[in-house]
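Q: Could you walk me through the aromatic pairs and salt bridges in this one? I'd like to look at a helix as well.

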Amino acid sequence: MIASCLCYLLLPATRLFRALSDAFFTCRKNVLLAKSSSSQVEGDFAMAPRGPEQEECEGLLQQWREEGSSQVLSTASEGPLVDKGLAQSSLALLMDNPGEENAASEDKWSSRQLSDLRAAENLDEPFPEMLGEEPLPEVEGPMWAAIPMQTDPQYADCAVLPVGALATEQWEEDPAVLAWSITPEPVPQEEAPIWPFEGMGQLQPPPMEIPYHEILWREWEDFSTQPDAQGLKPGDGPQFQFTLMSYNILAQDLMQQSSELYLHCHPDILNWNYRFMNLMQEFQHWDPDILCLQEVQEDHYWEQLEPSLRMMGFTCFYKRRTGCKTDGCAVCYKPTRFRLLCASPVEYFRPGLELLNRDNVGLVLLLQPLVPEGLGQVSVAPLCVANTHILYNPRRGDVKLAQMAILLAEVDKVARLSDGSHCPIILCGDLNSVPDSPLYNFIRDGELQYHGMPAWKVSGQEDFSHQLYQRKLQAPLWPSSLGITDCCQYVSSCHPKRSERRKYGRDFLLRFRFCGIACQRPVGLVLMEGVTDTKPERPAGWAESVFEEDTSELEPASSRTVGTIQHCLHLTSVYTHFLPQRGRPEVTTMPLGLGMTVDYIFFSAESCENGNRTDHRLYRDGTLKLLGRLSLLSEEILWAANGLPNPFCSSDHLCLLASFGMEVTAP
């Protein structure tokens with residue numbers, strides 16, 4: 001009788017034990033998924049909270065065990081967690097109840113599962129007490145899809161994306177940033193390589209083998225047909241095609257001096273060796289024919305950059321900033337494509353001039369394109385390439401204009417041909433000025449009226465209009481002792497050469513015979529009769545002075561237009577500074593998280609007439625034609641990559657890349 005009663009009482013307990021075990025298994029699986037500290041998984045794997053069906057749970061567990069993965073995906077959402085008291089009670093029932101139920105449990109649960117159950121007692125997360133309370137209703141959690149990385153073991157990371165969130169929030173897919181596009185469907189590994197991270201504090205540097213262009217995708221905008229193998233394109237005439245890159249690579253010394261600007265970056269990605277490898281990867285991938293670099297640290301240049309670039313086939317020229325500065329500008333070109341005609345380093349520092357007391361520099365090179373021998377007797381005009389890094393200080397627009405005037409004067413001298421015209425010109429660099437600012441408009445339009453303009457307004461970097469005292473530009477902007485006119489030309493370049501030297505012949509010397517000085521008796525002259533006792537008589541019509549200048553041989557004095565500066569180089573920008581497909585401005589840098597454009601590539605073009613006047617904003621192709629450019633990114637895309645620098649772009653600037661064509665003519 002007693003045994004019968006005990007069996008009657010143990011039957012509900014057995015059922016309760018089985019229900020608790022099933023519920024604990026499901027919740028234990030969710031706890032493992034939620035508590036995992038790793039974000040790596042191998043192979044294709046998808047996880048989602050399921051119902052309490054025993055067979056489905058065992059199937060998922062068996063699949064998980066067969067894959068041998070000790071790490072599971074980390075999830076950011078908070079799902080319903082099992083109560084710790086429930087875990088302890090179910091574990092106690094499982095370990096303490098002998099008999100048939102215990103044997104069945106031993107058959108069903110493996111030793112590895114029992115160890116997992118024992119580990120549940122050591123979970124760090126506190127659980128609410130549920131003893132004496134009603135069971136929590138089952139809550140449907142969001143479906144979580146794990147998108148796998150490449151099949152290679154070193155790319156085992158993946159990003160966990162909430163599928164439920166996709167239904168409520170729409171993400172605009174942009175081909176420029178495929179790596180951060182959220183999608184509910186598994187993406188083929190060739191199209192969307194993913195590098196997941198939630199916080200830069202836990203981010204490890206990516207392997208060097210990951211190509212840069214597969215992470216932050218930048219499209220190439222082609223404005224012409226593809227060139228042939230020799231770099232020449234048929235059409236109206238053959239062209240000499242080449243590519244040019246301008247890149248501020250962020251000097252390590254400057255980065256360490258302004259470390260507060262890079263607090264968002266993991267220290268590993270700011271290491272110079274890591275950054276150097278990334279930079280070299282970019283150079284190798286885009287493979288430009290001309291490379292213009294800014295913020296090149298001198299010791300890094302001579303020890304690493306110059307030897308590496310020389311091995312890539314470049315000939316390099318470097319100009320360090322004056323004073324105690326440790327960085328400068330470099331221009332590198334491939335001698336297989338160009339021959340150097342001249343190189344002119346430019347220093348903006350002028351002793352004794354407060355306006356020009358800064359240490360910024362520039363480089364101007366004159367290159368002769370090399371045409372393949374198979375084309376016969378053809379020629380290409382020389383190419384003038386100028387690279388510079390203008391002063392950053394947003395308040396000193398007067399200094400920026402003076403530095404730009406010196407650079408334009410040097411370009412005018414180097415690029416000027418014998419007939420007074422200029423060869424094709426490319427001016428690039430970090431100008432520390434935003435688009436449509438007065439400095440930008442001066443370079444593009446060729447004229448600027450600056451008198452009375454606030455100095456901070458020249459570059460447009462910041463707005464200081466709220467300040468009571470504002471430095472204003474006064475005319476003339478720089479003194480005449482600088483030797484540069486208001487047309488941004490050296491004074492000696494503005495004067496025409498005399499046709500011939502003055503000839504000191506007999507006729508010229510006879511002009512001194514009756515000049516004013518010759519008719520005066522010298523003091524102390526000994527009086528000699530018949531020799532020095534007579535006074536010469538000047539013939540009628542003879543000029544008293546022979547030092548009357550011939551007006552036809554006078555050099556014109558340099559005139560200065562009050563409050564206006566000009567140049568005649570006819571430059572326009574490669575970029576439009578706006579992304580029409582996204583409705584956002586282009587960005588080349590992100591100081592303090594604010595995206596802006598300060599890096600440019602200007603090239604010489606011909607201005608077009610608009611109605612009855614010439615609009616300097618409209619240009620057409622001249623001798624130098626723009627064939628393509630590497631698209632820039634928007635501020636939103638760079639924010640998705642945690643700004644600049646990031647693990648894939650190792651500078652706080654984006655590189656600029658453009659392709660040009662030059663006409664090949666017969667001699």
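**Rings, a helix and salt bridges**

A: By the rule used here, the count comes to 14 aromatic pairs, where rings of Phe, Tyr and Trp (its six-membered ring) pair if their centres lie within 6.5 Å, and planes under 30 degrees apart count as stacked, over 60 as edge-to-face and the rest as tilted. This is a predicted model: local features need pLDDT of at least 70, side-chain atom pairs count only at pLDDT 80 or more, and totals for chains, interfaces and linings use all residues. Residues are numbered from 1 along each chain as its sequence is written, and side-chain values use heavy atoms, with hydrogens and water left out.

Q: Nice. How are the rings of W272 and F276 arranged?
A: Their centres are 5.9 Å apart and the planes make an angle of 40°, so this pair is tilted. W272 and F276 are both buried (under 20% relative accessible area with a 1.4 Å probe, protein chains only; exposed is over 50%, partly exposed in between).

Q: And where do W272 and F276 sit relative to each other in helix α8?
A: They are 4 residues apart in α8, about one helical turn. Helices here are DSSP runs of H or I with at least four residues, strands are E runs of at least two, and both are numbered from the N terminus.

Q: OK, what does α8 pack against?
A: Its buried residues pack against β4, α7, β5, α9, β20 and β21, with contact meaning heavy atoms within 4.5 Å. In total, 11 of the 15 residues in α8 are buried.

Q: Which residue does D289 bridge to?
A: D289 meets R337, at 3.2 Å from N to O. The two are 48 residues apart and link distant parts of the chain, with D289 in the loop between α8 and β5 and R337 in the loop between β7 and β8.

Q: Is R337 buried or exposed?
A: R337 counts as buried at 18% relative accessibility, and D289 is buried too, at 9%.

Q: What about R320, which partner does it have?
A: R320 pairs with E298, the closest N and O atoms being 3.4 Å apart. R320 lies in strand β6 and E298 in helix α9, so the bridge ties together parts 22 residues apart in sequence.

Conventions: Salt bridge = Lys/Arg side-chain N within 4 Å of Asp/Glu carboxyl O.
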